Amino acid sequence: MPPSEAAIQARVRLTLGREPDLVLFRLSQGVGKTPDGRTFRGGLRPGASDLVGVGPGGIWTSIEIKAHRGRLDPKQLQFLTLVQDHGGFACVIQASSLDQATDRARRALELIRGGVVDWVGWPYITEEICQKK
């Protein structure tokens with residue numbers, strides 16, 4: 001049975017959290033009600049990536065996590081494109097095992113360190129979907 005998105009995210013956070021030149025924060029999104037019954041939305045914005053932060057050289061980094069059969073919704077794609085269009089690194093890490101999640105997280109860091117900032121495809125984080133500027 002493939003791991004859940006939460007398990008993949010935990011593995012990616014554990015793998016990348018040890019890196020001295022990368023700081024990532026987990027974003028939570030949600031809807032709630034105030035004591036007087038008004039609805040409010042929490043989080044950066046709809047579609048914001050699961051992990052955001054600052055990578056090597058100060059590059060804004062945005063990582064969307066997806067389970068084995070997960071799909072991006074239009075707002076997530078819009079956010080990833082926005083980050084890329086403004087010079088940041090944006091990618092999707094989708095995995096069918098925790099070992100694969102670890103490998104893809106390490107590969108994403110290699111790409112950031114190598115100056116790859118264009119996210120041009122989905123679903124895997126490979127050189128085929130990234131271009132050097």
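Is Thr61 buried or exposed, and what is its relative accessible area?

Modeller: Thr61 is buried, its relative accessible area being 0%, where buried stands for under 20% relative accessible area, exposed for over 50% and partly exposed for what lies in between, with a 1.4 Å probe and protein chains only. This is a predicted model, in which local features need pLDDT of at least 70 and side-chain atom pairs count only at pLDDT 80 or more, while totals for chains, interfaces and linings use all residues. Residues are numbered from 1 along each chain as its sequence is written, and side-chain values use heavy atoms, with hydrogens and water left out.

Thr61 belongs to strand β5; strands (E, at least two residues) and helices (H or I, at least four) are DSSP runs numbered from the N terminus. A polar atom of the Thr61 side chain lies 3.2 Å from the backbone oxygen of Ile59, and the backbone nitrogen of Gly55 is found 3.5 Å from a polar atom of that side chain. Beyond its neighbours within four places in sequence, Thr61 is in contact (heavy atoms within 4.5 Å) with Leu22, Leu24, Leu51, Val52, Gly53, Val54, Gly55, Phe89 and Ile112.

Turning to the sheet, β5 is part of an open arrangement of four strands in the order β1-β4-β5-β6, with mixed pairing; two strands are taken to pair if DSSP finds at least two bridges between them. Because β1 (23-26) and β6 (89-94) stand at the edges and each has a single partner strand, one side of each is left without a neighbour in the sheet. From one strand to the next the twist averages 20°, with axes being lines fitted to C-alpha atoms, for helices over the stretch in contact, and angles running from 0 to 180 degrees between N-to-C directions. Four bridges join β1 to strand β4 (residues 51-54) in the antiparallel sense, and within that pairing Leu51 of β4 is the bridge partner of Arg26.

Two helices pack on this sheet. Helix α1 (residues 5-16) touches β1, β4, β5 (60-66) and β6, and its direction makes about 145° with that of β5. Helix α3 (residues 98-113) touches β5 and β6, with its direction at about 165° to that of β6.

Elsewhere, strand β2 (residues 30-33) and strand β3 (residues 39-42) run antiparallel and are joined by four bridges, Lys33 having Thr39 of β3 as its bridge partner. These two strands form a hairpin with five residues between them, and Gly37 in the turn has a positive phi of about 95°. The chain as a whole has three helices and eight strands, and 44% of its 133 residues count as buried. Of the contacts between residues at least 6 apart in sequence, 58% join residues at least 24 apart.

Key
Polar contact = N/O pair within 3.5 Å; in protein donor to acceptor, adjacent residues only side chain to side chain.
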